[in-house]
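Keep the sequence and the 3D view open as you read.

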Amino acid sequence: MNAAWFILLLFLNLGVFQFGYSRNASARPAVVNIGAIFTLDSTIGRVAKIAIDEAVKDVNSNLSILQGTKLTVTMQNSNCSGFLGMVEALWYMETDVVAIIGPQCSVVAHIISHVANELQIPLLSFAATDPTLSSLQFPFFVRTTQSDLYQMTAVAEIVDHYGWKEVIAIFIDDDGGRNGVSALNDKLAERRCRISYKVGIQPDSVVNRGAIMDILVKVALIQSRIVVLHVNPIIGFKVFSVANYLGMMGNGYVWIATDWLSSVLDSASPLPSETMDTIQGVLTLRQHTPDSDRKRAFFSRWNKITGGSLGLNSYGLYAYDSVWLLAHALDAFFNQGGVISFSNDSRIHSVAGSTLHLEAMNIFDDGMLLLNNILLSNSVGLTGPLKFNSDRSLILPAYDIINVLGTGFRRIGYWSNYSGLSTVSPETLYTKPPNRSSASQKLYSVIWPGETLSKPRGWVFPNNGKQLQIGVPNRVSYREFVSQVRGTDLFKGFCIDVFTAAVNLLPYAVPYKFISFGDGRKNPSYTELVNKITTGDFDAVVGDIAIVTNRTKIVDFTQPYVSSGMLIVAPFKKQNTGAWAFLRPFSPRLWIITGSFFLIVGIVVWILEHRINDDFRGSPKHQIITILWFSFSTLFFAHRENTMSTLGRLVLIIWLFVVLIINSNYTASLTSILTVQQLSSPIKGVESLITSDEPVGYQVGSFAEHYLREELNISKSRLVALGSPEEYALALKLGPEKGGVAAVVDERPYIELFLSSQCTFRIVGQEFTKSGWGFAFPRDSPLAIDMSTAILALAENGDLQRIHDKWLMQSTCSLESTEIESNQLHLSSFWGLFLICGITCFIALLIYFLQILRRLRSVPPPESASTGQGSPRSGRLQRFFSLMDEKKDQSKSGQKRRKVEKSLSDNDRDDELGGKSKRRETEMSTGSNVNSSN
């Protein structure tokens, strides 16, 4: 900044501004002066010069725009030099320039924007795409093209669309290049991608081929094969030429060039064949401009002007629209009473004794009004809508995605800030709701470098002879999973075989070396082992590594090759059943309640049946025996007494259902007690594990300790570290009373291997976590994805199961049931049944007593009771009980029953009399026969 002001003062001293004045003009002057700063001999500059001239002609010929006022444009060549750009901007100040079209280069824009801010001269840049040229720092800088922020967003979405995670960025080392790559890095990070390597190239057109070769040789040694090239055309084609020479334009590489390449292809096509040969398969972006009749007419006009020697690119269209945008803003400016006038800056005074004419620094008085009208523009140009959002960026940013092939190129899709990647034009998508779903993100097929249609993997192992340093736990227990061969650097085990089998399925070679982790005296900490990846000590970790939440936050895991989860192991034994084993299925409380209900139901049925059923009548002794016999015989459904009342039958049906359920559960529980092994540990599952105070064992080095302490909140004093299966067995056999443990908590694969040889222990409760084992890699490692695919292939072809059977199928115990617990039945399991039965009995009794009370009121008291001397209350109570005890034979049902009985008895009597008369007749006939014979 000091250098810029020094040059400014230098030019003032040389008399660039030799006099100060205040110019005033009429509201509608005859001529309005505008400037233009760009690089005339560049691809963009050559097109922009013609486009600006044609735009000025069109504006001046259209009397409806400025109503007779003519635009005059003066062009200056900055050659992308900040020094020349500032000099030219200051030169414009003495020509009453009200606005400047340009600059083209971001470097120049950064410098002259300071001058524009002070002198309030709007800059309308059609090509300065540096995203850091913000409206907050440079309010008089107006970008009439798309910012590189959107272009880099498009690049990041392309990278993410194809599943690549790392890219290499080669950029021109100036403001535009550095800030563009910085924006790319931010957009990649939003998608969990990153720039693995970036390198700048000197912003000089004479940069030599050797310097570029040195850069590309370093790039070739890096893992990523996705290269983003953000430079100018001169440097860009040199890079492609060297890359082609080094074989970096072949299979496996992906080159994404920013819109500098599409500008050359649009303007200078066809390029020489030797140039086209170096860019085959390259992807590039081009600012999207919607098709329209006006645009097609301008292209036709352009071809007539240039004779086909120079093509029109998107920057030329934006330059043309910038002039029209300024013309509409000037028209609104004049309509609002704006006046083109300049005045001296009162803050700048000449220094006494100096020949510097600082008073010549003039400010455009209504520059702010013109700027506001520019920002409020709302028209349609060749490039589409000319309207700015709140960030002073053009609305609806979009890019064409181009694939270079043969002697030309083809469009494979679009990117828009509205809906992302698509094969449908943005104008069509604008009529629909925005759709960012993965299924909607599509591009046509690409012919990649090397003339292949297969999507490049995007990375390779660095060609620098370095092997992957893979950490492996040096276990001292459960060596079937992973163990180091004594006296060597080799490892073996189930996990090692799975890893090597998966690596063999990869379509490329993976050089690696196993590095032992641990002292060999105890199992190492797996958390520390995984953390070694984040510190760079290991490139990966292979072994029985559990995939848990705190580890997934720092590394990436492959697809699990073993399912795992936390299990509890406890000792068991067959308990001595004893002579009273038949009482153990029910708890004492349940026995009491069940027996009580037998008596209650018997009494209720007796009450309901006593008046109408002869089976429930008789002497008091007979009735008590009947109640007890009826109650307990229902246990075996062997009761002989019939129930005649509806209420009695209802109670009996409910009770028989309760008896059926109780009887079935008793039988099942007793069978289990007599046949199934029982726990000899108070821990029966995760709930009792938490509430108990008994010591619990865990494996040294595993994440079980962290889980028990942090997730289950078990006190550290209860946890006992155990280092081997032998220590597991000893601690479980000793039990808490002798310094052992009540249970051991570990992962399923360890527990299954432990129980294959230890037959006196069993799993208790359910598995209370779900996880698996995987191989750990650095975050966003592409090798983790390929290894996951290989592990899935192993599972599908059966190799994974064969490896498992080779190392882990070593059971010596007989196949016994893992069910080790038969809980005693408690009242809580049946209280609902007893409640239903009790309510039924209560309702039946209530209805029965209401019937008795109704009869009590309808039947008059006997005369003896009415004349007695006792109290009325005792008399009613006596009548109530007498009615309950009375045989019910006056009812209609009783009469019907008696008629039936009488009819039956009469029939029997007739039959008997008939039989007797027949016998008498027979005897008489026999006697007469005897007499006659005599």
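## The overall picture

Before going further, please note that this is a predicted model. The protein chain has 934 residues, and 50% of them count as buried.

Now look inside. The largest nonpolar core has 88 residues. Phe494, Tyr561 and Leu783 are the residues with the most contacts inside this core. Helix 16, which covers residues 494-504, gives the core its largest share, namely eight residues.

Leaving aside residues up to four places away in sequence, Phe494 touches Glu480, Phe481, Tyr561, Val562, Leu800, Ile803, His804, Trp807 and Leu808.

A disulfide is a covalent bond between the sulfur atoms of two cysteines. How many disulfides does the structure hold? There is one. Its partners are Cys80 and Cys105, with sulfur atoms 1.6 Å apart. Cys80 sits in the loop between strand 2 (70-77) and helix 4 (82-91), while Cys105 sits in the loop between strand 3 (97-101) and helix 5 (106-119), so the bond ties together parts that are 25 residues apart in sequence. The two partners can also be described by their accessibility: Cys80 counts as partly exposed because its relative accessibility is 34%, whereas Cys105 counts as buried because its relative accessible area is 10%.

Cys841 is buried, with a relative accessible area of 5%. Another cysteine, Cys495, has 0% relative accessibility and therefore counts as buried.

## Charged pairs

Side chains of opposite charge can pair when their charged atoms come close. The structure holds 28 salt bridges. In one of them, the side chains of Asp58 and Arg301 meet with an N to O distance of 2.8 Å. This pair links distant parts of the chain, as Asp58 belongs to helix 2 (residues 43-61) and Arg301 to helix 12 (residues 293-306), 243 residues apart. Is Asp58 buried or exposed? Asp58 counts as buried because its relative accessibility is 15%, while Arg301 is partly exposed at 26%.

Lys806 and Asp497 form another salt bridge, and their closest N and O atoms are 3.1 Å apart. Lys806 lies in helix 27 (residues 799-808) and Asp497 in helix 16, so this pair ties together parts that are 309 residues apart in sequence. Lys806 is exposed, with a relative accessible area of 55%. Helix 27 also holds both Asp799 and Arg802, three residues apart, about one turn of the helix. Their side chains meet in a salt bridge with an N to O distance of 2.4 Å, and Asp799 is partly exposed at 28% relative accessible area. Elsewhere, salt bridges link Glu157, Lys187, Glu190, Arg191 and Arg436 in a network.

## A closer look at Glu427

Let's finish with one residue. Where is Glu427 found? Glu427 is in helix 15, which covers residues 426-429. With a relative accessibility of 31%, Glu427 counts as partly exposed.

Which residues does Glu427 touch, not counting residues up to four places away in sequence? They are His288 and Pro290. With His288, the side chain of Glu427 makes a polar contact to the side chain at 3.0 Å. For Ser416, 11 residues from Glu427 along the chain, the C-alpha atoms of the two residues are separated by 9.8 Å.

Methods: Residues are numbered from 1 along each chain as its sequence is written. This is a predicted model: local features need pLDDT of at least 70, side-chain atom pairs count only at pLDDT 80 or more; totals for chains, interfaces and linings use all residues. Side-chain values use heavy atoms; hydrogens and water are left out. A nonpolar core is a set of buried Ala, Val, Leu, Ile, Met, Phe, Trp, Tyr and Cys residues joined through side-chain atoms within 4.5 Å. Buried means under 20% relative accessible area, exposed over 50%, partly exposed in between (1.4 Å probe, protein chains only). Helices (H or I, at least four residues) and strands (E, at least two) are DSSP runs, numbered from the N terminus. Contact means heavy atoms within 4.5 Å. A disulfide is a pair of cysteine sulfur atoms within 2.5 Å. A salt bridge is a side-chain nitrogen of Lys or Arg within 4 Å of a carboxyl oxygen of Asp or Glu. A polar contact is a pair of N or O atoms within 3.5 Å; within protein, one must be able to donate a hydrogen and the other to accept it, and residues adjacent in sequence count only if both atoms are side-chain atoms.
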